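Here is a short briefing on one protein model. Read it with the sequence and the 3D view side by side.

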Amino acid sequence: MNTLSGYIEVDFGGERLPFQFGSNAYALFCEKYKIEFWQIAESGIFGDKETPPDIFKLRELFYFAHVSAMRSKGESAMVNEFRFGDLLDNTEGAISQLQTAVVNAKMLGFSLAELSKGQEVKKK
């Protein structure tokens, strides 16, 4: 995985799909839900201390990361959203791999954890 761009490839039982958790994937997510980037946490996608993550929104972000990786190559998505849902349902450990990629990805040089804190982040 390239942690700087959030790029990862996941093997879904013989179907290897690329994902890129950068600003393009989040832009697609924000466009679909008609929200600004800073409102992502409020959408419920990551949950909080009292509420688990919204798995359906998380699945959408995963799918948009796939679409983003493919568009960066000038290609179309390898699967549609329904096939992707089936692959997630039938592949043990896939969600965990994708969640790790989300957390470790950097956008504009900042990790998601740094961006979500809502405080000023200074680059070194």
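A residue counts as buried when its relative accessible area is under 20%. Phenylalanine 12 has 4% relative accessibility, so this residue is buried. The model is predicted. The points below cover its aromatic pairs, a helix crossing and one cysteine.

**Aromatic pairs**

- Nine aromatic pairs are counted in the model.
- Phenylalanine 12 pairs with phenylalanine 19 in a tilted arrangement. Their ring centres are 6.2 Å apart, and the planes make an angle of 55°.
- Phenylalanine 19 is buried, because its relative accessibility is 0%.
- Phenylalanine 12 also pairs with phenylalanine 84, this time edge-to-face. Here the centre-to-centre distance is 6.1 Å and the angle between the planes is 75°.
- An angle over 60 degrees counts as edge-to-face, so the 75° pair falls in that class.
- Phenylalanine 12 sits in strand S1 (residues 7-12), while phenylalanine 84 belongs to helix H3 (residues 81-90). The pair therefore ties together parts that lie 72 residues apart in sequence.
- Phenylalanine 84 has a relative accessible area of 0%, so this residue is buried too.
- Ring pairs join Phe12, Phe19, Phe21, Phe62, Tyr63, Phe64 and Phe84 into a cluster.

**Helix H1 against helix H2**

- Helix H1 spans residues 23-33, and helix H2 spans residues 55-72.
- The two axes come within 8 Å and cross at roughly 130°.
- H1 and H2 are therefore oblique to each other.
- The crossing of H1 past H2 is right-handed.
- On the H1 side, the contact uses Asn24, Ala25, Tyr26, Leu28, Phe29, Lys32 and Tyr33.
- On the H2 side, the partners are Lys57, Glu60, Leu61, Phe64, Ala65, Val67, Ser68, Arg71 and Ser72.
- Sorted by class, this contact holds nine nonpolar, three polar and four charged residues.

**Cysteine 30**

- Is cysteine 30 buried or exposed? Its relative accessible area is 9%, so cysteine 30 is buried.
- Cysteine 30 lies in H1.
- Leaving aside residues up to four places away in sequence, cysteine 30 touches Ile35, Glu36, Phe37 and Ile40.
- Cysteine 30 and leucine 61 are 31 residues apart in sequence. Their C-alpha atoms are 9.5 Å apart in space.

Note on methods
Residues are numbered from 1 along each chain as its sequence is written. This is a predicted model: local features need pLDDT of at least 70, side-chain atom pairs count only at pLDDT 80 or more; totals for chains, interfaces and linings use all residues. Side-chain values use heavy atoms; hydrogens and water are left out. Helices (H or I, at least four residues) and strands (E, at least two) are DSSP runs, numbered from the N terminus. Buried means under 20% relative accessible area, exposed over 50%, partly exposed in between (1.4 Å probe, protein chains only). Contact means heavy atoms within 4.5 Å. Axes are lines fitted to C-alpha atoms, for helices over the stretch in contact, and angles run from 0 to 180 degrees between N-to-C directions. Angles under 35 degrees count as roughly parallel, over 145 as roughly antiparallel, 65 to 115 as roughly perpendicular and the rest as oblique. A crossing is left-handed if the near helix is turned anticlockwise from the far one by less than a right angle, and right-handed if clockwise. Ala, Val, Leu, Ile, Met, Phe, Trp, Tyr, Cys and Pro count as nonpolar, Asp, Glu, Lys and Arg as charged, and the others, Gly among them, as polar. Rings of Phe, Tyr and Trp (its six-membered ring) pair if their centres lie within 6.5 Å; planes under 30 degrees apart count as stacked, over 60 as edge-to-face and the rest as tilted.
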